[in-house]
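Visitor: I would like to learn how to read a protein model, one feature at a time. Could we go through it together?

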Amino acid sequence: MILNENVTIKDLLETLESKRARIAFLVNDQKKLSCCVTQGDIIRAFINGVSLKISAKEISHLNP
């Protein structure tokens, strides 16, 4: 699944759930791969108190 890197964690979770996916690849505005986010990344972020409103890029792997 490919999404814009500025998607919020909430929107990312909704999309992952609806597509039954476990990973998303995030692209910048020029459509170039910038990072990836897995369900595990999201879980670890929640454990550390991250808000649903932040950009998914903030919890991503920058070297996918």
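Visitor: Does Arg 20 count as buried or exposed, and why?

Guide: Residues are numbered from 1 along each chain as its sequence is written, and side-chain values use heavy atoms, with hydrogens and water left out. The model is predicted, so local features need pLDDT of at least 70 and side-chain atom pairs count only at pLDDT 80 or more, whereas totals for chains, interfaces and linings use all residues. Buried means under 20% relative accessible area, exposed over 50%, and partly exposed in between (1.4 Å probe, protein chains only). Arg 20 counts as exposed because its relative accessibility is 78%. Arg 20 is found in the loop between H1 and S2, where helices (H or I, at least four residues) and strands (E, at least two) are DSSP runs numbered from the N terminus. The phi of Arg 20 is near 55°, a positive value in a residue other than glycine.

Visitor: Where is Lys 31 placed?

Guide: Lys 31 sits in the loop between S2 and S3, its phi is near 65°, and with a relative accessible area of 66% it is exposed.

Visitor: In what order do the three strands form the sheet?

Guide: Strands of a sheet pair through backbone hydrogen bonds, either parallel or antiparallel. Two strands pair if DSSP finds at least two bridges between them. Here the order is S1-S2-S3 in an open sheet with mixed pairing. Strand S1 (2-4) and strand S3 (33-38) stand at the edges with a single partner strand each, so one side of each has no neighbour in the sheet. S1 and strand S2 (residues 23-27) run parallel, joined by three bridges, and Leu 3 stands opposite Leu 26 in S2.
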